[in-house]
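Subject: Structure handover

Hello,

Please find the structure below. Notes on what was found in it follow.

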Amino acid sequence: MATVEKELAMYDNGPVFGRNDECWCGSGKKYKKCHLAIDERLNELWERGEEVLPRDLLKTPADLEGIRRSAAVNVGALDYVAERIAPGCTTGDIDRWVHEYTVEHGAIPAPLNYEGFPKSVCTSVNCVVCHGIPSDDEVLVEGDIVNVDCSTILDGYYSDSSRMFCVGEVSPERQRLVDVTRECVEAGLAAIKPWGHLGDIAHAVQAHAEEAGFNVVREFGGHGIGIEFHEDPFVGFVGEAGQGVVLAPGFCFTIEPMVNAGEPDIDMSDPNEWTVRTADRSDSAQWEVQLVITNDGYELLSW
């Protein structure tokens, strides 16, 4: 007697597959040996009212290979900046370093002309929270702190990460802000468990920042990424554990808390319509990493 296979009706209204069909992810494996168990679990969670991503936002093995290649250029560009940044250089110099390195490695700086952004990288100094525009008129001096936010497109795949740089010797207060913000990212990573929630990460980040006497910016955060520069969902860093999008294998996103030494409020009134500052002009810091959720944890892709 022939066996009739039951096809799984999908929560995202996407295609359904038989157990012996080739998996939708392009692995070449049969569906039952690849994504069937994951898809069944996603369906179950959706039926229970959980927030789950559609499968077209979960990255396939081929996607991840492309993202890794892009990320190698992105990490290399930040390493290139690290070798050169010093008192007396300008944020315009940083922009040229990133642009030249990226292009020389066959890639495209993602920020350049993105929604009108005029440069190849964001450089956010001291009280600038994010989206600082590089300029030859902005000279870095001893004691400054600067976030260099680098994003790369290679063969259609996107990568994104940022680092804080201390220019020469900085004050203990600024050093502590930079260090605690990096620890916030590490706390967020430590909170990751496959099939957990984005709220687990947010809660860990917020708790670490506030225990240190700092505040997390609410209006800006991380995002899905890979096939597009900014994909769903928004990844905030203020929240409750057990809430938000489910951390399903294949979910690729950034952790990038912006932490203020003073109040969390921001000022978006700059005439250039990009640069965001702290409302009280206190210092701000940000570190950013890109990762993908795996079956047993996560893989760090860009840092």
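Contact, as used in these notes, means heavy atoms within 4.5 Å. This is a predicted model, in which local features need pLDDT of at least 70 and side-chain atom pairs count only at pLDDT 80 or more, while totals for chains, interfaces and linings use all residues. Residues are numbered from 1 along each chain as its sequence is written, and side-chain values use heavy atoms, with hydrogens and water left out.

Nonpolar cores

A nonpolar core is a set of buried Ala, Val, Leu, Ile, Met, Phe, Trp, Tyr and Cys residues joined through side-chain atoms within 4.5 Å. Buried means under 20% relative accessible area, exposed means over 50%, and partly exposed is in between (1.4 Å probe, protein chains only). In soluble globular proteins, nonpolar side chains tend to be buried together.

The largest nonpolar core here has 47 residues, and I201, F251, F253 and I255 have the most contacts inside it. At least two residues of this core come from each of helix 1 (36–47), helix 4 (172–190), helix 5 (198–211), strand 9 (252–255) and strand 14 (289–293). Helix 4 gives the most, with 6 residues. Helices (H or I, at least four residues) and strands (E, at least two) are DSSP runs, numbered from the N terminus. Leaving aside neighbours within four places in sequence, I201 is in contact with G188, A191, I192, F237, L247, F253 and I255. Another core, of 20 residues, lies apart from this one; C89, V98, V146 and C150 are among its members.

Salt bridges

Side chains of opposite charge can pair when their charged atoms come close. A salt bridge is counted when a side-chain nitrogen of Lys or Arg is within 4 Å of a carboxyl oxygen of Asp or Glu. The structure holds 13 salt bridges. In one of them, R55 meets D12 at 3.0 Å, N to O. R55 is in the loop between helix 1 and helix 2 (61–84) and D12 is in the segment before helix 1, so this pair ties together parts that are 43 residues apart in sequence. R55 counts as buried, at 5% relative accessibility, whereas D12 is partly exposed, at 23%.

R281 and D267 form another salt bridge, with their closest N and O atoms 3.0 Å apart. This pair also links distant parts of the chain, 14 residues apart: R281 is in the loop between strand 12 (276–278) and strand 13 (284–286), and D267 is in strand 11 (residues 266–267). R281 is partly exposed, with a relative accessible area of 44%.

In the salt bridge between D270 and R277, the closest N and O atoms are 2.6 Å apart. D270 is buried, at 16% relative accessibility, and R277 is partly exposed, at 23%. Salt bridges that share partners also join D12, D39 and R55 into one network.

A buried charge without a partner

D95, in helix 3 (residues 91–104), is buried yet has no salt bridge. The nearest side chain of opposite charge is K119, 4.5 Å away. Residues up to four places away in sequence aside, D95 touches K119, S120, V121 and P134.

Backbone points

The peptide bond from D232 to P233 is cis, with omega near 0 degrees, and P233 is in strand 8. Two residues other than glycine can be listed for positive phi: D155, at about 55 degrees, and W195, near 75 degrees. D155 is in the loop between strand 4 and strand 5 (157–166) and is exposed, with a relative accessible area of 61%. W195 is in the loop between helix 4 and helix 5 and counts as buried, at 17%.

I227 is in the loop between strand 7 (222–224) and strand 8 (231–235) and is partly exposed, at 35% relative accessible area. I227 and K59 are 168 residues apart along the chain, with their C-alpha atoms separated by 8.6 Å. Apart from neighbours within four places in sequence, I227 is in contact with K59, D63, G156, Y157 and Y158.

V141 is in the loop between strand 3 (128–130) and strand 4 (145–154), and is partly exposed at 44%. Beyond residues up to four places away in sequence, V141 touches P87 and V167.

Regards

Methods: Lys and Arg count as positive and Asp and Glu as negative; His and the chain ends are not counted.
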